Amino acid sequence: MLNFSNSKVLSIYITFILISIFSLTNFLNFESPFLKKKVNLGLDLQGGSYLLLEVDSSALEKRRLQSKVILLKKALNKSLIKFDNFSINDDSIKFTTEEKNFKEFEKIFNLKGSNEINTFLDKYNSFELDYTIKNNLISIYLSKYGIINLRSAAVDQSIEIVRRRIDEIGTKEPSILKRGNNRILVELPGIKDPERIKELLGKTAELSFRLVTKDNVEFGSEKFIITDTQEEISVSKRIILSGENLIDAQPKFDNLNNQPIVSFSLDRLGSQRFGRVTSDNIGKRLAIILDNEAISAPVIQDSITGGNGTISGNFTFQTATDLALLLRSGALPTPLNVVEERTVGPDLGKDSIEAGIVSLIIGFLLVVLFMSFKYKLFGIIANISLISNLLMLMGILTLLEATLTLPGIAGIILTVGMAVDANVLIFERIKEELKGENSNIQAFDSGFKKSIVTILDANITTLIASIILFIFGSGPVKGFAVTLSIGLVTTLFSAYFISRHLTSRIVFKNRDNKITI
Amino acid sequence: MINNYNFEQKFKLANITSMILVLLSILMILFKGLNFGIDFKGGTLMELRCDSTNIQISDVRSSFNQLDLGDINVKEFGKKGDFLIKFERKSFDDKISIKTIKEKVSNELQGNVDFRRVENVGPKVSKELLESGLLAISLALAAMLFYIWVRFEWQFSIGSIIAIFHDVLITIGLFSLLSLEINLSIVAAVLTIVGYSMNDTVVIYDRIRENLIKYSSLKIGEISNKSINETLSRTIITSSTTLLALISIFILGGEILKGFSLAMIIGVVIGTYSSIFVASPILKYFNVSFKTISKEKENN
């Protein structure tokens, strides 16, 4: 165990240097992309906001079911299935039919392939819809995977829009990730007050232009109250133009009264439709509906053919800016709710870094002093091994561009305390071996040999616990698991190679002298 | 220096003490309950710093009390003028939001108020965090059990698991007794305690197994005693350095790491104790001998 060939020594120290050199790149500024790597500071250290958003899919589920109604009725008629009491509520479609029709219904319902009513989801190997039959009543509802599929699609769609909205505000390096089937994780470094972002993400921004109808004459109209003037209007359900046709929106000031307004431009299709509708309905009012609220309902003065228009309402410049931003980035398929929020101000982060570093330095010094005092010369070896351990730990964290959190710093300090264990195990073992053995070399050799199994056993148990923490832990706690796990690995390396090599040098130099540990 | 303490003699007393402590901890946890933080209970946390040092804890409490936020808990947090406020309210609407709370509290309290930290955990998320925390701890225990079962014999497996339960239960029992908050970082601490306690036990078990082969004629009680003595220096030194590091975090690492480092300190002390006084006696009760480990070898 104590014989090191030159090539082995070389490779040990080259490995050490190659890894630990990266701990320095955090403090220097290199141009090369490979040397530019740095440890990321977690939100708890640099300050920032962590938002977990959940899609509210109940509206989507309802809409999805509604979209099945006509198809279903058509198919039932086609297959000559007579049905009664057809109804739809929030989560199911119900109807009654005679028992002889059940088989036929099941046949059209469970048809694989091009089944328009009940799509087969290959991804989940399941149908989108499920049904129960009770007496003569058939209830159809979304299956478990149907709901998952719907949510997942909504999340995928939303992520893009969330990204656009956040990019528009211009935060630095936001991270936007899908979490599970129905959540989006947004991390915003440097954001101290996420209220504005929350507001912007909380709106779906579904815009529609619809004609105002005369009181209840037309079927298919609904009532709105204009937020601003409290005037009640009745609006046709037919959508002339929706947010999808918008290609740009900007806040502006009205030339006449200097009120903030939002000006928009439409795509080609939108311009054509808008031009046609406005020229056909001069003198009528056009309601602008956003998220089921009427913003305003101006009278159409002239046909608008250029594809440009403005929206006025009682805006402040801020609200006009926000509305323009929302319209530019597109509508969310469904509202997003904040289900978890953690925001840390930058000066708390700074305080945490300071406290973390101070306790690391003090903890480190205490351990180093303790070891020097306890083991003298061999204590210095343990301390060299400890320092190289820390350098490598930082190096690996940098190489992986891992995120360092406050608990992560605690993990490093804990590594300092626990890393000497390997050296202690070795030294204590050698002490015992020295008692019964005349040859120093023999004693050291068997001391290393016997302690290494124990060292492995002992470190693997802690490693298991920290890997499990890494898998299940969330947020800053994950950072703890990362530093602790990497710390255990670098501990093994520095004890098994660096301490052992340094020890062997001492033993060979003093092979005939008495060595005390 | 050769350690030669008679640990074996103390096993009985120690085990009775341990059993009483574990029982008390379980009773504590069951009847007094745990002080769950917002991570597991849901709710909102705000850490604020007032630049006016005249502001008293009662001022802060009354400024929050008017806002219909459910149960409110205010405490001083580190420096003078720093407060930590926790309240029950989990979700917000147009009438009350974090924004309006911030505005109202800033107006109410004199001087400049800085909201250094705001955390809000909804009911669904807190339930999931609790579940995944419990799952993580259970999995860690199972993984330890499996590892020791593969590396040693089943008697050792049971011994080490009982020791871990002992450590975790007493640590959590103490948290219940002292009404300390249980949050995500405590789960991390518990998992690390599990790893540490196991680590400590494994070192002694390794030695016991080695000595069982070396001194096949000795009884397990004597072997345990011998092994504990042989590894005693290491046990004490490692616990000391780990505690030095942890105490440094506890004192200097800031308020946020206090609970975590305290749990770890308790865990390390109890874990060290349990590997000597819980894990080792169990092998004696199982009457582990040279035959136990040699039989296993043949089967393999």
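I count a residue as buried if 20 or more other C-beta atoms lie within 10 Å of its own, as exposed at 12 or fewer, and as partly exposed in between, with C-beta atoms placed from the backbone. I am working on a predicted model, where local features need pLDDT of at least 70, side-chain atom pairs count only at pLDDT 80 or more, and totals for chains, interfaces and linings use all residues. Residues are numbered from 1 along each chain as its sequence is written, while chains are lettered from A and ligands numbered from 1 in the order in which they are written.

**Entry 1: chain B overall**

I looked up burial first. Buried residues are 48% of the 300 residues in chain B. Chain B has 10 helices and 6 strands; helices (H or I, at least four residues) and strands (E, at least two) are DSSP runs numbered from the N terminus. The radius of gyration, taken over C-alpha atoms, is set against a globule rule of 2.2 Å times the number of residues to the power 0.38. Chain B has a radius of gyration of 24 Å, well over the 19 Å from the rule for 300 residues, so it is more spread out than a compact globule. I read its C-alpha trace as spanning about 80 × 40 × 30 Å along the principal axes.

**Entry 2: helix 5 of chain B**

I checked the length of helix 5 (residues 123-151) of chain B. It has 29 residues and reaches 42 Å from first C-alpha to last, close to the 42 Å expected at 1.5 Å a residue. The expected span is 1.5 Å times one less than the number of residues. Buried residues in this helix include Val125(B), Leu129(B), Ala136(B) and Ile148(B).

**Entry 3: strand 20 of chain A**

Why is strand 20 (residues 336-344) of chain A largely enclosed by the rest of the structure? I find 8 of its 9 residues buried, so the rest of the structure largely encloses it. Two strands pair if DSSP finds at least two bridges between them. Strand 2 (residues 48-55) of chain A runs antiparallel to strand 20 and is joined to it by 8 bridges. Leu53(A) stands opposite Val338(A) there. Glu341(A) has Asn120(B) as its bridge partner.

**Entry 4: where the chains touch**

I call two residues in contact if their C-beta atoms, placed from the backbone, lie within 7 Å. By that test, 56 residues of chain B contact 54 residues of chain A. Helix 8 of chain B gives the most to its side, with 14 residues. By class, I get 30 nonpolar, 15 polar and 11 charged residues on the chain B side. Here Ala, Val, Leu, Ile, Met, Phe, Trp, Tyr, Cys and Pro count as nonpolar, Asp, Glu, Lys and Arg as charged, and the others, Gly among them, as polar.

I traced an open antiparallel sheet of 3 strands in chain A, in the order 15-16-19. Its edge strands are strand 15 (246-253) and strand 19 (308-311), each pairing on one side only. Strand 16 (residues 260-266) is joined to strand 19 by 4 bridges. Val262(A) stands opposite Ile311(A) in strand 19.
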